[in-house]
Amino acid sequence: MAKADIEPFFARLAAANPEPETELDYVNTYTLLVAVVLSAQATDAGVNRATRRLFQEVQDPAAMVALGVEGLKAHIRTIGLFNTKAENVIALSKALIEKHGGEVPADRDALEALPGVGRKTANVVLNIAFGEETCAVDTHIFRVGNRTGLARGKTPLAVEKGLMKAIPQPYRRHAHHWLILHGRYVCKARTPECWRCTVSEYCRFTPKTVIRGVSGD
DNA sequence: ATCCCGAGGG
DNA sequence: CCCTCTGGAT
């Protein structure tokens, strides 16, 4: 993307959605962290379906530890990777109690030290719960960054660094959600809907052959 | 590079 | 059937 197009690109996404929010359901910072961990390689809708009941019973680390691994599995069995996620969420909850007084730390290194929490999850929590100007690069943002040319890269970290450098103020705070929602509903992996994309004039990407799902990237 | 892994869509 | 979904640990 041409440098001059970056500002209008975000201005247009911002105009359509001034205060974008996560579509994950949560009731406090702890449940946000849990929901984000559960969302790995899963849809928000699927996570919300499972956490609706879970978060009625459990809203803090102590209650989660009391529920236990098997108890948690019973709630999240419909989510992919549920065995690993259940182990991680219980271990993570114990770590919060033992090392952070039962609170979610507002610190990248402390977050990434938690079981099942990597850079992407830490970035989401830092952005939503603590207001930091992070840009978590998930599958959507990795794809949108590369297609638009906002920030190309072979790894999520490379794309994240490129985005942080490319995105101007005042767009850094919400860029994460604008890009993810754009990727989820318009710049879709299999069938990007360029014909109704509001920022296509700033983007060179065109799906080559839509036959058999070859989208061209 | 591989494994983990259910639900929904095409 | 195959692909995708707000990844992380080994």
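Buried area is the accessible area (1.4 Å probe) that two parts lose on being put together, summed over both. I looked this up before opening the predicted model, in which local features need pLDDT of at least 70, side-chain atom pairs count only at pLDDT 80 or more, and totals for chains, interfaces and linings use all residues. I noted that residues are numbered from 1 along each chain as its sequence is written, that chains are lettered from A and ligands numbered from 1 in the order in which they are written, and that side-chain values use heavy atoms, with hydrogens and water left out.

**Entry 1: the two domains**

I found domain 1 (3-19 + 135-213) and domain 2 (29-128) in the assignment for chain A; such bounds come from an automatic or database domain assignment. I read about 720 Å² as the area buried between domain 1 and domain 2, with carbon and sulfur atoms giving 47% of it. A136, E160 and R173 supply 44% of what domain 1 buries against domain 2, more than any other three residues.

I then looked up salt bridges (a side-chain nitrogen of Lys or Arg within 4 Å of a carboxyl oxygen of Asp or Glu). The count between the domains is two. I also noted a salt bridge of R184 with D44, whose closest N and O atoms are 3.1 Å apart.

**Entry 2: DNA strand C**

I counted a residue as near the strand if one of its heavy atoms lies within 4 Å of it. Of the 29 residues around DNA strand C, Q41, D44, T121, H140 and R143 come nearest.
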